[in-house]
Amino acid sequence: MSTLPKTLTLDTSTSRANPTPQPMKRLTVPRIRQRKGGEPIVMLTAYTVRQAQLLDPHCDMLLVGDSLAQVIYGLPHTVAVTMEMMALHGAAVVRGSYHAAVIVDMPFGSYEAGPEQAFANASRLLKETGAAAVKVEGGKVLAPTIEFLTQRGIPVMGHVGLTPQAVNILGGYGVRGKSDEEARSIVEDAVAVAKAGAFSIVIEGVLESIAIEITNKVACPTIGIGASAQCDGQVLVTDDMLGMFERVPRFVKRYSDMASVIDGAVRDYAEQVRSRSFPTSEQIYAG
């Protein structure tokens, strides 16, 4: 018999890292799937406890994206991301959230070799993070792997169109689906991923007509990023929409200019330190 208490109370006065529990149930994968054709799904990326705390009340899903390569680690692309990175950041986001379903990207090289490799790494991520699901990039070629995972209890989010992990093959981050052949292939990829059991599909960087066609053809929700407002939901990299970087993709809307806010605050602090006006007597322990 377990001796653990049936309720958990966090002492938020002792550590700024502890979030305040909210009287709400976390969204589940089945509930997300039921949102097909309904109220649009709100999704943003998250990488830290505090970021998750701030985003959680407003989002249906939080994606621990391998975009942390550029956002957190200053890497040129996502290919260098490791399982350790995803596991550590995924666990932090789960700890900082109570409402949103947390999805963790599987990094490049962790699932492409086959279903067994994918299951070993996906199950590790779910165990070490407590996340609800994993996300994989790719289409028809990954359908057997997605089916293998879902049949064994691992929810999978798909990702078609512009797939950043394939940057070395694609040659860049340009819009996909400009030719009839490529457009048809992207739609076929999405249909295959949905039939394999994906509970939702991210559609990135494609012509709007392609995103609309996919959304109408698949039974699971579609999440657009640089695709179409007619998708079942939207996702952005949080640091992009907050204005943390000078350069962002053209499909990003900046909802704030946090880089300027931070720059101003740090400039004020530096000036006060150098003028010896900080700290004041009220901010010093006299002893």
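Helices (H or I, at least four residues) and strands (E, at least two) are DSSP runs, numbered from the N terminus. This is a predicted model, in which local features need pLDDT of at least 70 and side-chain atom pairs count only at pLDDT 80 or more, while totals for chains, interfaces and linings use all residues. Residues are numbered from 1 along each chain as its sequence is written, and side-chain values use heavy atoms, with hydrogens and water left out.

Strand 3 (residues 101–105) and strand 4 (residues 133–135) run parallel and are joined by 3 bridges, and V104 stands opposite V134 in strand 4.

Helix 5 (residues 115–129) also packs with helix 4 (residues 83–95), at an angle of about 35° and with their axes 8 Å apart. The contact is made by residues of both helices, including M83, M86 and A87 of helix 4 and N121, R124 and L125 of helix 5. These contact residues divide into 6 nonpolar, 3 polar and 3 charged, where Ala, Val, Leu, Ile, Met, Phe, Trp, Tyr, Cys and Pro count as nonpolar, Asp, Glu, Lys and Arg as charged, and the others, Gly among them, as polar.

The second largest pocket is lined by 20 residues, of which G138, G139, T163, A166 and D189 lie nearest its centre. On a 1 Å grid over the protein atoms alone, a pocket is an open set of points where a 1.4 Å probe fits, with protein on both sides within 12 Å along at least five of seven lines, and lining residues have an atom within 4 Å of a point. Helix 8 gives the most to this lining, with 4 residues, and by class the lining has 9 nonpolar, 6 polar and 5 charged residues.

Most residues other than glycine have a negative phi, and most peptide bonds are trans. In the segment after helix 11 (258–274), where P279 is found, a cis peptide bond joins F278 and P279, with omega about 0°. R276 lies in the segment after helix 11 and has a positive phi of about 60° although it is not a glycine.

Notes:
Axes are lines fitted to C-alpha atoms, for helices over the stretch in contact, and angles run from 0 to 180 degrees between N-to-C directions. Contact means heavy atoms within 4.5 Å. Two strands pair if DSSP finds at least two bridges between them.
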